[in-house]
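Student: I am new to this structure. Please pick one part and take me through it closely, with the setting as well.

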Amino acid sequence: MLTRRPGERVVIGEDVFVTVLEVSGRTVRLGIAAPEELPVYREEIWLAVKEENRAAAVAGADSLPDGAPDQPERKP
């Protein structure tokens, strides 16, 4: 557990900086500086993406659509 005040930072590894921007009641605004190749997600988004990936991995091939979508007829 860490205690930080607005303007103070936490450093994760060599290149991730989390700054407390504002505290208002029970809400805390954070600024995160991380390398571009390192994705940063809110937890609820990360959990939803993980669940979607899990569901896609266990879906059987029979749940996929058959072939290409129907093409409109071409007139000569």
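Tutor: Start with a term: accessible areas come from the Shrake-Rupley method with a 1.4 Å probe, and for residues only the protein chains shown count as cover. On that basis, the protein has an accessible surface of about 7,500 Å². Carbon and sulfur atoms hold 54% of that surface. This is a predicted model, in which local features need pLDDT of at least 70, side-chain atom pairs count only at pLDDT 80 or more, and totals for chains, interfaces and linings use all residues. Residues are numbered from 1 along each chain as its sequence is written, and side-chain values use heavy atoms, with hydrogens and water left out.

Now the setting. The protein has one helix and three strands, in the order β-β-β-α along the sequence. Helices (H or I, at least four residues) and strands (E, at least two) are DSSP runs, numbered from the N terminus. Of the 76 residues, 8% count as buried. Buried means under 20% relative accessible area, exposed over 50%, and partly exposed in between, with a 1.4 Å probe and protein chains only.

The part to look at is strand S2. Thr19 sits in this strand. Thr19 counts as buried because its relative accessibility is 15%. Its side chain makes a polar contact of 3.2 Å with the side chain of Arg9. A polar contact is a pair of N or O atoms within 3.5 Å; within protein, one must be able to donate a hydrogen and the other to accept it, and residues adjacent in sequence count only if both atoms are side-chain atoms. Setting aside residues up to four places away in sequence, Thr19 touches Gly7, Glu8, Arg9, Arg29, Leu30 and Gly31. Contact here means heavy atoms within 4.5 Å.

Leu21 is also in strand S2. Leu21 counts as partly exposed because its relative accessibility is 45%. Beyond its neighbours within four places in sequence, Leu21 contacts Pro6, Arg29, Leu30 and Gly31. Arg5 is 16 residues from Leu21 along the chain, and their C-alpha atoms are 8.4 Å apart.

Among contacts in the protein with a separation of 6 or more, 0% join residues 24 or more positions apart.
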